[in-house]
Amino acid sequence: MTELKSREIDRLVRAACEARDQAYAPHSHFYVGAALWINGGEIVTGCNVENASYSLTICAERVAAATAVAQGHRDFVAIAIASVGGVKPCGACRQFLSEFGADLQVVMTDVLTGTRQIRQLSYLLPDAFDASRLPVT
Ligand code: THU
């Protein structure tokens with residue numbers, strides 16, 4: 001398992017904070033940025049994108065993960081999430097991220113205080129549903 005150094009985490013958190021500036025959240029006014037550290041050092045970011053239908057809203061974490069996959073990346077080491085209060089990822093995002101590995105480091109940052117909390121994804125989503133439960137075709 002790859003562990004990021006503290007200055008790498010600093011970089012990742014900065015990228016998540018910058019990504020948050022692009023958040024499209026006219027309905028909730030809750031702005032979230034996410035930054036994924038790809039094995040090898042590349043960073044891919046995302047922000048939440050809301051919709052007037054509410055339920056079509058996409059969280060920053062899923063935007064970052066889908067963008068990374070679309071760019072050819074699947075080997076994720078860590079994700080930083082930047083918001084007021086340093087929120088933890090929602091259940092849907094935990095499941096979405098777990099597709100790419102349960103040992104992902106999740107760094108939750110409060111943009112107001114700079115406070116950070118780091119958890120492994122398997123801690124946030126124990127006993128996750130995964131492909132091993134699917135019939136082999
Ligand atoms: N949101 C995220 O982007 N990530 C999270 O971890 C929590 C919630 C977004 C979805 C919605 O646009 C807004 O925050 C309020 O729920």
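How do the residues of the shell around the ligand divide into nonpolar, polar and charged? I count seven nonpolar, three polar and three charged, taking Ala, Val, Leu, Ile, Met, Phe, Trp, Tyr, Cys and Pro as nonpolar, Asp, Glu, Lys and Arg as charged, and the others, Gly among them, as polar.

I keep in mind that this is a predicted model, in which local features need pLDDT of at least 70 and side-chain atom pairs count only at pLDDT 80 or more, while totals for chains, interfaces and linings use all residues. Residues are numbered from 1 along each chain as its sequence is written, and side-chain values use heavy atoms, with hydrogens and water left out.

Ligand entry. There are 13 residues around the ligand (a heavy atom within 4 Å), and those that come nearest are Asn48, Glu50, Cys59, Ala60 and Glu61. I looked up polar contacts (N or O atom pairs within 3.5 Å) and found a ligand oxygen 2.5 Å from a side-chain N or O atom of glutamate 50, one 2.9 Å from a polar side-chain atom of asparagine 48, and one 2.9 Å from a polar backbone atom of alanine 60. Of the 370 Å² that the ligand exposes when taken alone, the protein buries 79%, with areas from the Shrake-Rupley method and a 1.4 Å probe.

Methods: A polar contact is a pair of N or O atoms within 3.5 Å; within protein, one must be able to donate a hydrogen and the other to accept it, and residues adjacent in sequence count only if both atoms are side-chain atoms.
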